[in-house]
Amino acid sequence: MTAAALLVMATAGCDSGAGATASDKSSAKPGCPTVLSRAEQAVKKAEEVNAPWKGPTTGPRAVHGKTVVYIAQTLTNPGVAGVAQGFQEAAKILGWHARTLNGQGTPGGIRAAFQQALALKPDGIVLSGFDPGTAAKEAKKARAAGIPLIGWHATAAPGPSKDPQLFSNITSRVEDVAKISADWIIARSHGHAGVVLFTDATVPFAKHKSDLIRKELATCSGVKLLSYTNIPIPDASRRSIGEVRSLLSRFGRTWTYSAAINDLYFQHAAPALRAAGKDGAGAPYNIGAGDGDPSAFQRVNGKQFQAATVPEPLSEQGWQIIDEFNRAFTGAPDSGYVAPVHIATPTNSGGALSWDSEGYRQAYRKIWGE
């Protein structure tokens, strides 16, 4: 999803605006000097403010009169909901009829929404935030009907997919997001951290992301993974408080950092951390490896139990979905565009509630001739 550039302090390994304490600035030797140096450089680049448009500048002019349906895994996932808003906005520009259906976060709900989408006989369907295998029968029917499918976080990799068959899958590179999230912890902690990692193992994309975060954290010997906690996103509001209380009881002050595959976990963890007397600007320092929704930015900007987020450009990706459909409808190949990775902190967000590349609306409208 992010305004003054942040310089990563090579000697301290932490940013100046995230509530650093004296212990964070310890002169103790880093646990992994070589890894730390590389992580600091990567974080500094990812925190740069300027993000000029590097996406497509050419493509087919807009076709009109299309109907497209966006199937959301659950609209309680702010990332899924944010992309839906951009999708609706861009479809309106082209005069397309766009419908958003809520899968309610369950396999049955997703299949029901997919069946409803098929009944509308649309020109294109979006699979947002769920594994296409969840509704394999419905996806097969769509392909048989010649309806192109586009995913958002539907598979681990961006771009076209043969199995499952998608015209394109819109996402940042999960490897980049996972790596920079772990690198932020390594850099900010100066190579000394006790980490809790939150994931949703029911979603292959999310599980893959958290596995990659764990792998990158393991490159620094001074960083210890205390817990790899599985909470399905639809259950986060119900389970997070109890899980956080348990983690605090088990690990106490050794829990200094957290990473989560979605910012939503920290929305629900905050009450338990607050009740335990934790400082919103203090440890554990939390980074969300997606999706950078407005509530995440509010927590980051206000230093309320979230120190950073690696935002997807949610609105921009909604526009990209419409552009990819336009390419599919005109027989053109996908654009091949993948948004760059970015870290938003209180220091570089400028108070914004989202992050997108500069000028994406103008670029797409110029391509479409609108």
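This is a predicted model: local features need pLDDT of at least 70, side-chain atom pairs count only at pLDDT 80 or more; totals for chains, interfaces and linings use all residues.
Start with the record. An unreviewed UniProt entry carries the annotation "domain: Periplasmic binding protein" for residues 69–324. In the model, that span is 45% helix and 21% strand, and its end C-alpha atoms sit 14 Å apart.

On to the packing. The largest nonpolar core is made up of 31 residues, and the ones with the most contacts inside it are Y70, F87, I321, I322, F325 and W368.

The largest pocket holds about 410 Å³ of space. Its lining consists of 16 residues, with K45, A46, E48, P340 and V341 nearest the centre. Helix 1 (33–46) and helix 5 (174–188) each put at least two residues into that lining, and helix 5 gives the most, with four. Sorted by class, the pocket lining has eight nonpolar, two polar and six charged residues.

The largest cavity comes out at about 160 Å³ in volume. It is lined by 14 residues, and N77, H153, F205, I233 and N262 are the closest to its centre. Helix 6 (residues 204–217) accounts for the largest share of the cavity lining, three residues. Here the classes split into seven nonpolar, five polar and two charged.

Two loop residues are worth a look. S357 is found in the loop between helix 10 (314–329) and helix 11 (360–368). Its relative accessible area is 4%, so S357 counts as buried. Beyond its neighbours within four places in sequence, S357 makes contact with A51, W53, E316, Y337 and P340. D131, in the loop between strand 3 (124–128) and helix 4 (136–144), has a relative accessibility of 30% and is therefore classed as partly exposed. With neighbours within four places in sequence set aside, D131 is in contact with A154 and P204. Between D131 and V68 there are 63 residues in sequence and 19 Å in space, C-alpha to C-alpha.

Finally, the backbone. Most peptide bonds are trans, and most residues other than glycine have a negative phi. Against that background, the peptide bond from A283 to P284 is cis, with omega near 0 degrees; P284 belongs to the loop between helix 8 (264–275) and strand 10 (285–288). Another cis peptide bond links G290 and D291, with omega at about 10 degrees. D291 falls in the loop between strand 10 and helix 9 (294–301).

Positive phi values turn up as well. H190 has phi near 60 degrees and sits in the loop between helix 5 and strand 7 (193–199). Its relative accessibility is 9%, so H190 is buried. For F305, phi is near 65 degrees, and the residue lies in the loop between helix 9 and strand 11 (308–309). F305 counts as buried because its relative accessible area is 4%.

How values were computed:
Residues are numbered from 1 along each chain as its sequence is written. Side-chain values use heavy atoms; hydrogens and water are left out. On a 1 Å grid over the protein atoms alone, a cavity is a set of points where a 1.4 Å probe fits but cannot get out, and a pocket is an open set with protein on both sides within 12 Å along at least five of seven lines; lining residues have an atom within 4 Å of a point. Grid points are joined across faces, edges and corners, and a volume is the space filled by probe spheres set on the points. Ala, Val, Leu, Ile, Met, Phe, Trp, Tyr, Cys and Pro count as nonpolar, Asp, Glu, Lys and Arg as charged, and the others, Gly among them, as polar. Buried means under 20% relative accessible area, exposed over 50%, partly exposed in between (1.4 Å probe, protein chains only). Contact means heavy atoms within 4.5 Å. UniProt positions are given in the numbering used here, feature names are shortened, and annotations may be inferred rather than shown by experiment. A nonpolar core is a set of buried Ala, Val, Leu, Ile, Met, Phe, Trp, Tyr and Cys residues joined through side-chain atoms within 4.5 Å.
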